Amino acid sequence: MPEITRADVETLDQQDPLARLRTAFELPANQLYFNGNSLGAMPRAISQRLRDFAEKEWGQQIVRGWVTQGWYEMPQRVGGKIARLIGAAEDEVIVTDTTSINIFKLAVAALGFKSGRTKIVTTRDIFPTDIYILEGVVNILAGRAELCVVESEKLCSTIDQQTALVVLSPVNYKSGALFDMAKMTAQIQTQGAMVLWDLSHSCGAHEVDLHRIDADFAVGCGYKFLNGGPGAPAYLYVAHRWQQNLQQPLTGWKGHAAPFAMSPEYRPAEGVTRLLCGTHPVIAMTCLEQAVDLFGTVEMSQVQQKSRRMGDLFITLAEQRCADYGLTLLSPKDSTCRGSQVSFQHPGGYAIVQSLIEKNVICDFRAPDVVRFGITPLYQKYTDVWDAVECLVDLLKSGAWQERDQKPSATVT
Ligand SMILES: *Cc1c(COP(=O)(O)O)cnc(C)c1O
């Protein structure tokens, strides 16, 4: 393949139908941000939105704001907007709690549907909180459930007639490798088990169609590709067919059929509303809603297409220019098998990431040797990829990273 030039890449930016969205985000000058898979950039409109919230909503309306400002229905309203991004119906998604807590609620609910079955299955390479939470579920259910944490390759042979639930992330957070969601869902359901998809690395990054694959449950976070802000609330999805009889363990008053009846007896609300627990964080949800609204003018197919092209560009440039320096591609080369990130392995991964961050190329490190570049089509340019690779080439050529600490010390890497 002929060497790609920066001018070629500039042409890609000029032809990019999503380019107009970049100005909707606050992006620090001179910084190349490749960490939107960890924390999304801030939509510019948030500053004014929060000022309005303080001055006009909370400041003036105080408690009346629950009604006059539509605070009360936010979990359902914002959930409905996220539903469009994951191929769900509006009344199948609700914004609430954190991803971790939502996994807990839905895992217990799933076991309730499958009495007689005891196994929960997940993969070793899933984001660790999923495993930790499922361990917690199994511990509480002492003896009535067991957790099988297996390598992805062993998944199919582990799922059997004893399996109640399989918890999976479509994207491997280290390598970026994608599961075939439709095929996995069908295999799981053929065994009579249910599936819970953790969409934290998927929603807002690539196409997901929960109806087409007939998924049972899903969860995901609001602060990665959805750009809802640090610690933004999470969301969950329950297919219509499971809503009526679902029993979740955190039966708080906001999941009650009539919270303000203040009855001492719990009676679950209809639909996904029963998955609510306590009062939602309105300020955080205001930010999330503003961020999700930015997806209102784009199709996820466009986002996915740009993500794949940016990833392909990154990989081609790295192959052409970094091949001699011990950098190995960890992500699948085929973009249809890859989520919205490109990962490499390098023995000096930690020091390389620290050096890149110092040069304002913001990426991250995942133990033991993974260098991760998240790709966020809403606000990144193709030339960001070019410039990041340029920086990486300079660093590898000079060997300057070797002078740094080679071991992780920072709390957040
Ligand atoms: C980021 C992420 C989470 C985060 O969970 P929190 O409860 O929001 O901290 C969970 N699962 C996956 C797959 C993730 O990528």
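How many residues does helix α11 have, and how far does α11 reach from its first C-alpha to its last? Select residues 282-293: α11 has 12 residues and reaches 16 Å, close to the 16 Å expected at 1.5 Å a residue. (The expected span is 1.5 Å times one less than the number of residues; helices are DSSP runs of H or I with at least four residues, strands are runs of E with at least two, and both are numbered from the N terminus.)

This is a predicted model, in which local features need pLDDT of at least 70, side-chain atom pairs count only at pLDDT 80 or more, and totals for chains, interfaces and linings use all residues. Residues are numbered from 1 along each chain as its sequence is written, and side-chain values use heavy atoms, with hydrogens and water left out.

**Stay on α11**

Colour the buried residues of α11: Val-282, Met-285, Thr-286, Cys-287, Leu-288, Glu-289, Ala-291 and Val-292. (Buried means under 20% relative accessible area, exposed over 50%, partly exposed in between, with a 1.4 Å probe and protein chains only.) Next show β3 (42-43), α2 (45-61), α3 (65-68), α4 (74-83) and β4 (93-95), against which these buried residues pack.

Select Asn-245, in the loop between α10 (240-243) and α11. Asn-245 counts as exposed because its relative accessible area is 57%. Not counting residues up to four places away in sequence, Asn-245 touches Phe-113 and Arg-274 (contact means heavy atoms within 4.5 Å).

**The ligand**

Now centre on the ligand and select its shell: Thr-98, Thr-99, Ser-100, Phe-127, Thr-129, Asp-130, Asp-198, Ser-200, His-201, Tyr-223 and Lys-224. (A residue is near a molecule if one of its heavy atoms lies within 4 Å of it.) α5 (99-113) and α6 (128-140) each supply at least two residues of this shell.

- Asp-198, 2.6 Å from a nitrogen atom of the ligand
- His-201, 3.2 Å from an oxygen atom of the ligand
- Lys-224, 2.5 Å from an oxygen atom of the ligand

The protein buries 88% of the 390 Å² that the ligand exposes when taken alone (Shrake-Rupley method, 1.4 Å probe).

**Last stop**

Select Ser-335, in the loop between β11 (328-329) and β12 (341-345). Is Ser-335 buried or exposed? Ser-335 counts as buried because its relative accessibility is 13%. Show Arg-308 and Asp-312 as well: Ser-335 is in contact with both, leaving aside neighbours within four places in sequence.

How values were computed:
A polar contact is a pair of N or O atoms within 3.5 Å; within protein, one must be able to donate a hydrogen and the other to accept it, and residues adjacent in sequence count only if both atoms are side-chain atoms.
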